[in-house]
Amino acid sequence: MAQFESVQTRKSLLTGDEAVAHAVRQSNVDLVAAYPITPQTIIVERIADFAASGAFTGQFVPVESEHSAMSACIGGALAGARAFTATASQGLALMHEMLYAASGLRLPISMAIANRALNSPLNIHNDHTDVMGSIDSGWIQLFAENAEEAYDRVIQSFRIAEAVNLPVAVNLDGFTLTHSTEPVEMLSDEAVRGFVGRPPKRDSLMDEAPKSFGLMSLPDSYQFFKEDQSRATTGSGVTISQVEGEYAKLSGRDHGPLKIFGSGSKVMMVMLGSYAGTARTTARQMKNGGEQVGVISLGWLRPFPERQFLDALEGVETLMIMDRSVSYGAPAGPLASDVMSLLYRYGIKRKVIAVTYGLGGRGFLEEDAMKLFRYAEKSGPSFESFFFYGGE
Amino acid sequence: MSIKAYESDTRPDWCPGCGDFGVLAAVKDALAALNIPPHNVVISSGIGCSSNFPGFIKTYGFHGLHGRPIPVAIGIKDANPNLTVLVTAGDGDEYGIGFNHMIHAARRNDDIKVIVMNNEIYGLTTGQLSPTSRLKQVTKTSPSGSIIYPLNPLAALIGDGATFVARGFSGQPKHLSMLIQEAIKHRGFALVDVLSPCVTWYDIYDEVRKLMYKLEDKGHNPTDFYAAMKAAKEEEKLPLGIFYRDETKPSFQEMLKEQIGDGRWASKSVTPLNSETLRELEYEFS
Ligand SMILES: Cc1ncc(C[n+]2csc(CCOP(=O)(O)OP(=O)(O)O)c2C)c(N)n1
Ligand code: SF4
Ligand SMILES: [Mg+2]
């Protein structure tokens, strides 16, 4: 436990899970309710250690299921607390109905999702099928490429959630990020505490005037609530950028809605999560060899950073969109479908290659990225989609 | 029937010394003693070290989702009441995340036999607090000692109206086999709580050996509800055996049969395929 005490302002070696636990420890969180599941387990265990050593001063509650974890966060947030949980895979699936309750009640709750495949078949390894199953539950969905970004985004998530009254999830790839040790430049406790402050006062169960939450809304009003929620989510990008900007002043790190490498290249690979690093390294090599390839790595998925994405399309001919999840029977994977509807909406034509890859922990190596880039450079003008088997 | 009939080709992935080996031996022994052919047995499990069980025995098996093996077992039993349907899972699975299912299966007196490998810890996820972890127990999610009272599954189930409640110890597979046989012969729902120590994260072997005694040696009357409750609440010693048994209540499946008749079931008794029935099936579905 004590080993973490001395590393607060230094560059330290942490796994993604540990980095998230430190972010929570530093962020004046009042309530953590969680249930263990691989590969999120270490987040919960570290927070329990911090609570035992006094380094974390909020409440840690080991509940009996993820459904209870999210329910407890909802109760805590309703009572005015800053609440956090973490989960993965089946745990997120079990929370499903409460995810909608959290967002519909406009509660500022933060969650880390250690992305893992869904059963069946049983698999504990990384892909994005868990989060994609919940993508329409009304949560802001952010993605980290590495442990440090997960740390930064979790700290920011509290400010964002409390400013826009929406719950925020930070996704980090299971094992690839949760269990790999990486250098993380942690900010000092004081700096983080100052940045996150205390949750602003809001309507809660704890003020003087008794009120009741979660009442019935009939057909005359329900859709108004939903439109309101939809506008709040779409419009939350402005606030997220502000929070990111403020954090950048403190840390020198501004992750933003997306990271572009090789701006304006003919072929752009569109990615979510840690494999973007592999694609970028490959693109750099290929670019040095004179090839026109680049990478767009999305840090926000909800709200979808429409304007920033469209700006990145200048000079691009082919978008190779990389999905680590399947939307069975749909025209393309979830990320590809998002991008294609965006293109259609703004009347923009680009060649789209929708690739499904990396399911259930299947790897993605530099040679895989190169194979795909080469394929995209040569392929014809119309839409294509296929499953790609890398990582051999 | 020989125990060999239930041998699987897959070797258990449990740690050497894990209590679950004893449970596996006892289940095979019980099935063999009762002469139940492997193809008439279905074992439903959840997620956990213990829930890997169906892979290590040659019967039908379903390794499902964490906490959910009981409703799956009920579906199987209702679809084909002729099958012997067992649930094998851990304390986290059965007494925590999925406990609600047990309460209702017991209340309905569903004819399924639930064998819980209770190690008072989450083994598979490497040692966190479980619903049966003790007060003050130090685990990875209770580093300062647990401040949550443990669940008493036996008292809870006896109180809930369960018609068969027993406790065994994985270190006594013969006695455990006897309990499982009685559970299988019982008319309706049965819980067999098995103290099955996790040698890696929370080893209770010595403690169980020191504190255990057999109810049947003390003249316990399992049809006496209050005696059963008293035994379930005993704290100084660890009683093993059949705590409670009520043979007067018909099972849900029996009552369902009475209400809707026999003809509504989709299935008959499962017989092994011979070449003739295989040909008939091919013809029917071609
Ligand atoms: C919905 C869900 N949440 C969490 C998990 C992670 N998980 C797998 S097994 C387990 C606990 C296992 O404990 P127990 O049931 O006692 O079995 P044991 O390993 O001790 O035999 C947990 C928390 C999961 N698989 N699914
Ligand atoms: S971790 Fe514990 S419960 Fe799991 S196999 Fe090993 S000894 Fe058994
Ligand atoms: Mg257990």
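At what angle do the axes of helix 2 of chain B and helix 4 of chain B cross? In this predicted model, the two axes cross at roughly 35° and come within 8 Å. The residues that meet here are Ile70(B), Pro71(B) and Ile74(B) from helix 2 of chain B, and His101(B), Met102(B) and Ala105(B) from helix 4 of chain B. By class, this contact holds five nonpolar residues and one polar residue, with no charged residues.

Residues three or four places apart on an α-helix point the same way, because the helix has 3.6 residues a turn.

Attention now turns to the two chains together. Chain B and chain A each bring 15 residues to their contact. On the side of chain B that touches chain A, six residues are nonpolar, eight are polar and one is charged.

Helix 4 (89-104) of chain A and helix 3 (91-97) of chain B are the elements that give two or more residues to the shell. There are 24 residues around ligand 1, and those that come nearest are Gly48(B), His66(B), Gly90(B), Gly92(B) and Gly123(B). The shell divides into 10 nonpolar, 11 polar and three charged residues.

Around ligand 2, the surrounding residues include the cysteines Cys15(B), Cys18(B), Cys49(B) and Cys198(B). Trp14(B), Asp20(B), Asn119(B), Gly123(B), Val199(B), Thr200(B) and Trp201(B) complete the shell. By class, the shell around ligand 2 has seven nonpolar, three polar and one charged residue.

Chain A contains an open sheet of seven strands in the order 3-2-4-5-7-6-12, with mixed pairing. Strand 3 (59-62) and strand 12 (300-302) of chain A form the edges, each pairing on one side only. On average, neighbouring strands of this sheet are turned by 20° against each other, direction ignored. Within the sheet, strand 2 (residues 31-34) and strand 4 (residues 83-87) of chain A pair in the parallel sense over two bridges. In this pair, Val32(A) stands opposite Phe84(A) of strand 4 of chain A.

Helices pack on this sheet as well. Helix 3 (residues 66-78) of chain A touches strand 2, strand 3, strand 4 and strand 5 of chain A, and its direction makes about 165° with that of strand 4 of chain A. Helix 2 (residues 41-53) of chain A lies across strand 2, strand 3, strand 4 and strand 5 (109-115) of chain A, and runs at about 135° to strand 3 of chain A.

Elsewhere in chain A, strand 11 (residues 293-298) is mostly covered, with six of its six residues buried. In a regular strand the side chains alternate between the two faces of the sheet. Here both faces are covered: Val293(A), Val295(A) and Ser297(A) are buried on one side, and Gly294(A), Ile296(A) and Leu298(A) on the other. Strand 11 of chain A pairs in the antiparallel sense with strand 9 (residues 258-261) of chain A over four bridges. It runs parallel to strand 10 (residues 267-272) of chain A, to which six bridges join it.

At the level of domains, the assignment of chain A gives domain 1 (2-251) and domain 2 (258-387). Their centres, taken over C-alpha atoms, are separated by 27 Å. The contact between them involves 26 residues of domain 1 of chain A and 20 residues of domain 2 of chain A. On the domain 1 side, helix 5 (129-133), strand 6 (140-143), strand 7 (168-173) and helix 8 (222-251) of chain A each give two or more residues. Helix 8 of chain A gives the most, with five residues. This side of domain 1 of chain A divides into nine nonpolar, 14 polar and three charged residues.

Note on methods: Residues numbered from 1 in each chain as written. Chains lettered and ligands numbered in written order. Predicted model: local features only at pLDDT ≥ 70, side-chain atom pairs only at ≥ 80, totals over all residues. Contact = placed C-beta atoms within 7 Å. Nonpolar A, V, L, I, M, F, W, Y, C, P; charged D, E, K, R; others polar. Pairing = 2+ DSSP bridges. Axes fitted to C-alpha atoms, helices over the stretch in contact; angles between N-to-C directions. Near = placed C-beta within 6 Å. Domains from an automatic or database assignment. Buried ≥ 20, exposed ≤ 12 C-beta atoms within 10 Å, placed from the backbone.
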